[in-house]
Amino acid sequence: MNFLTKINTFLLELLGKSDKSLDNEIQGNIDSTRFVVLDTETTGFDYENDRILCIGALVLQNYRIPIQESLEVYIQQEHYNKATAQIHGILRESVLNRPNELEGLQQFIDFLGDSIIVAHHTFFDISMINKALERNGLPKLKNKTLDTANLYKKTLLYSPLLVRKESYTLDELADKFDISKKDRHTAMGDAYITAIAFLKILNKLKEKKGFSLQQLFKY
């Protein structure tokens with residue numbers, strides 16, 4: 001047992017959970033599991049003051065991405081940030097008949113169901129969504145989450161000749177896996193890039209002994 005595994009085991013025991021209890025919480029297998037891959041475009045990175053402009057989400061199941069099962073919801077803008085608008089390209093009036101924040105969140109929750117969430121740097125997207133849910137008197141998300149930024153590092157070989165970075169951007173994963181970045185910095189475009197990267201990561205991790213849905217949450 002390496003040092004990181006020992007620390008992980010200690011923390012799980014401290015919280016009253018063991019690896020075995022974690023396995024019991026996560027049922028099913030990768031083939032049958034419904035993953036929802038998502039991305040958000042926001043006015044900035046401040047969880048308190050910035051707002052979600054768009055949520056893009058699509059389904060990944062049985063190693064396939066059914067295009068008809070997707071959600072792209074643009075939300076009415078309470079805030080406008082000229083600097084970030086130059087990145088995501090979402091203007092105040094670029095999409096008509098946008099739902100308000102509560103309506104957009106309800107559409108997303110209905111689409112999500114109890115699926116496992118996959119995102120790149122998941123913490124940011126989930127934090128923004130949870131803050132929006134809180135503002136609207138709704139409970140926080142309880143779905144299990146996976147982060148392609150973390151999972152990707154587990155596909156890299158351990159070698160003194162290879163410098164492993166603390167974190168990898170979505171652009172770096174797209175370049176590594178030769179994924180088109182044509183629709184980069186749109187919620188649906190980034191969700192699609194993340195979904196393809198997740199599939200590539202799964203194919204690499206499948207080569208490891210004991211690969212399973214439960215194992216994904218221990219990486």
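Q: Helices (H or I, at least four residues) and strands (E, at least two) are DSSP runs, numbered from the N terminus; with that in mind, in what order do the elements of the chain run?
A: The model discussed here is predicted, and its chain has nine helices and five strands. Reading from the N terminus on, the elements run α-α-β-β-β-α-α-β-α-β-α-α-α-α.

Q: What percentage of the 219 residues in the chain is buried?
A: A residue counts as buried when its relative accessible area is under 20%. The chain as a whole exposes about 12,500 Å², of which carbon and sulfur atoms supply 52%. Counted by residue, the buried part of the 219 residues is 45%.

Q: Among contacts between residues at least 6 apart in sequence, what share joins residues at least 24 apart?
A: A contact requires heavy atoms within 4.5 Å. When the contacts in the chain between residues at least 6 apart in sequence are taken, the share that joins residues at least 24 apart is 66%.

Q: Which elements do the buried residues of helix α5 pack against?
A: Helix α5 covers residues 122–135, and its 14 residues reach 20 Å from the first C-alpha to the last, close to the 20 Å expected at 1.5 Å a residue. The helix is mostly covered, with 11 of its 14 residues buried, and F124, I126, M128 and L133 are among them. These buried residues of α5 pack against β1, β2, α4, β4 and β5.

Q: Which residue with a positive phi follows α5?
A: Helix α5 ends at residue 135. The residue that follows the helix and has a positive phi, near 70°, is G137.

Q: What kind of aromatic pair do F35 and F198 form?
A: A search of the whole structure finds six aromatic pairs. A pair of aromatic rings is described by the distance of the centres and the angle of the planes. For F35 and F198 the centres are 5.2 Å apart and the planes stand at 70°; because an angle over 60 degrees counts in this way, the pair is edge-to-face.

Q: What kind of pair do the rings of Y47 and F124 form?
A: Y47 lies in the loop between β1 and β2 while F124 lies in helix α5, so the pair ties together parts that are 77 residues apart in sequence. Y47 is partly exposed, with a relative accessible area of 28%, whereas F124 is buried at 17%. The ring centres are 6.0 Å apart and the planes stand at 40°, so the pair is tilted.

Q: Which residues do ring pairs link into a cluster?
A: Y47 and F124 have ring centres 6.0 Å apart, and both residues belong to the cluster.

Q: Over the face of which residue does K206 lie?
A: Charged residues are found over rings in this model, and one of them is R34, which lies over the face of F111 at 5.3 Å from the ring centre. K206 has its own ring, at 4.8 Å from the centre, and that ring belongs to Y63.

Q: How far apart in space are H185 and E41, C-alpha to C-alpha?
A: H185 is found in the loop between α7 and α8, and it is partly exposed, with a relative accessible area of 30%. Although H185 and E41 are 144 residues apart in sequence, their C-alpha to C-alpha distance is 7.6 Å.

Technical notes:
Residues are numbered from 1 along each chain as its sequence is written. This is a predicted model: local features need pLDDT of at least 70, side-chain atom pairs count only at pLDDT 80 or more; totals for chains, interfaces and linings use all residues. Side-chain values use heavy atoms; hydrogens and water are left out. The expected span of a helix is 1.5 Å times one less than its number of residues. Buried means under 20% relative accessible area, exposed over 50%, partly exposed in between (1.4 Å probe, protein chains only). Accessible areas come from the Shrake-Rupley method with a 1.4 Å probe; for residues, only the protein chains shown count as cover. Rings of Phe, Tyr and Trp (its six-membered ring) pair if their centres lie within 6.5 Å; planes under 30 degrees apart count as stacked, over 60 as edge-to-face and the rest as tilted. A charge sits over a ring if NZ of Lys or CZ of Arg is within 6 Å of the ring centre and within 35 degrees of the ring normal.
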